Amino acid sequence: MTTITPNALCFGDEFPASGVPCLVQVEGHGLTVTFVSDPAERRSESVPFSGLTVSAGGLDHDQLVVKWAGPKGERTLYLKNADMIRAFRQAAPDHLNAPFERAAERVRQVRHRHRMIWSIIGGTILAVVLGLWFGADLLVELAVDRIPVEWEQKLGESAYRDFLSHQEVVKEGLGVTAVEEMAHRLTEQIPNNPYKFEVTVVKSDVVNAFALPGGYVVVFTGLMKKAESGEEVAGVLGHELNHVLQRHGLNRIVKQLGLVAVVSIVLGDQQGLVGLMKQLGVELLTLKFGREQETEADLTGLQLLHRAKIDPSGMITFFQRLSEKDEGRTEWLSTHPMSRTRAERLKAELAAMPKKTPEPFTFDWAKVRGSLGVQPVVDP
Amino acid sequence: MRSEILYPGAFPMVRVELAEGEHIKAESGAMVALSPTVDVESKMEGGFLGALSRKLLTGEKFFFQTLRASRGPGEILLAPTVPGEIVVIELDGVNEYMVQKDGFLAGAETVKIESQMQSLSRGLLGGEGFFILKIGGKGTLILNSFGAIHKIELKPDQEYIVDNNHLVAWSVTTSYNIEKAASGWVASFTSGEGFVCRFRGPGVVYIQSRNPGSFGAWVRQFIPVSE
């Protein structure tokens, strides 16, 4: 006797609740169901198509349920084999077409619903991830907006005093008055300025200048010695002042401290930031700005120079000259890399501005440099 | 392969006799003792990705152990981790069972195990997670429960309502809906039942007489909390 492989489960009153395996075959008149549980006494039942009803059923509604009333009560078949179901559907007479279509529709609906739900979940997760990724900047800005200026000043001041205590501060002389004049001319052009800018000249050969949150600006004498005109130093100052005005430092701090800081600031706990910064060892002096922030400080710096009637081309030429002749300790460049596009951008911006006649500074830059120890270059 | 349940009740073991060359797969850590003719191997059922998905998705173990009678016939004693009954089901090659993640103890080599995704409502509310084991094929399947195992037999269209935390396994010819235990939301939760599964036959549903989650919560109150 050949063994047969069952392809369906049959349920009925005399069968166990888990059903009995059986082999269902499609024939011209209907279905033949062969029960395989007892090989010695293999029984077959033939059911005409006319007595059958079909529907979808099972755990995932992906099985075909065939019912008929047999001599021993109602019988139910659960079919899962796709080939078998197809053969059945092709052979079935017209009166079964509609129920077959309904069952198929039900299967499609269930599958469609599952796919829909999972794609909605997937989409939501993706949206949240993307939202956090791209919305992080917005969140940071929101948090930064909520930090009061006074508090920002406190933060910057402590770092500033700490830095200056280790430096040789130039307190008087031509260099200081020159820088003060530049700063004055620039800051009076800032509308609704919430900051009380403090500019300090520090004696050092390092070619650098930086600004701390709250309006504390440091210019090294090294940078002043390198500059060939007051306008060039003013250009750097214009750039640095705008890092403060655009609150780039705070932006960086909040970004480094992460989501916890953002949330706590937005919820009103600005003071917690100091603790967080200490905990994570974020140092104001080592903060680096992003490329977008540099571009923003460039452009707003340029506009500020323009408003203050200081020749803005000094800014561009100085940046370019510094990058061309990188002689060792030009630290300003390591944090402000001068790319061709950056210079081009500034030049284009400058060209688009209405022409203004620059007003020269009251100091003589050659004398200022001389006071810093630079020998005047005598043209041959 | 022949199997026999020893010490039926709360602390049973199952003895499996293997002919030479036969092997079974069992839950990792289930082996208690074995004949020297039987080798223990570790196998990632369904390959690395299959095992990984099972581990990540169902929380079931990454490795199943394979116990092979490679040097002659032998026997193996297996026991589950939790106190509770063991049930042996003979799979006929057609019927398949969904098994919650802690329910599988061992199975013949011809038994197929895969993890399957459930629908959203079942995954969220059914208490077994989004992925459960679907076990089919032909041969002996050994399940275990927390507490006693009770078999509910459902005739076609017969319905029965089960607390979702008590489910062990159910045949795929059944279908179920998740619903609130009581008619109102508040009553559903204050009654302590939360969600229940309304099963509809035909098919078999195996349930366990104890709820592992509730038992865990009950034990927790006796564990001293360290500051």
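## Helix H7 of chain A

Helix H7 (residues 248-257) of chain A is largely enclosed by the rest of the structure, because 7 of its 10 residues are buried (under 20% relative accessible area, 1.4 Å probe, protein chains only). The buried residues are His248(A), Gly249(A), Leu250(A), Asn251(A), Ile253(A), Val254(A) and Leu257(A). Just after H7(A), Gly258(A) has a positive phi of about 90°. Helices (H or I, at least four residues) and strands (E, at least two) are DSSP runs numbered from the N terminus.

## Basis of the values

This is a predicted model, in which local features need pLDDT of at least 70 and side-chain atom pairs count only at pLDDT 80 or more, while totals for chains, interfaces and linings use all residues. Residues are numbered from 1 along each chain as its sequence is written, chains are lettered from A in the order in which they are written, and side-chain values use heavy atoms, without hydrogens and water.

## Contact between chains A and B

Chain B gives 28 residues and chain A gives 23 residues to the contact (heavy atoms within 4.5 Å). About 2000 Å² is buried between the two chains, 62% of it on carbon and sulfur atoms; buried area is the accessible area (1.4 Å probe) that two parts lose on being put together, summed over both.

There are 2 salt bridges between chain B and chain A (a side-chain nitrogen of Lys or Arg within 4 Å of a carboxyl oxygen of Asp or Glu). Glu96(B) and Lys80(A) meet through their side chains in a salt bridge, at 2.1 Å from N to O.

Conventions: Buried < 20%, exposed > 50% of the residue type's maximum accessible area, 1.4 Å probe, protein only.
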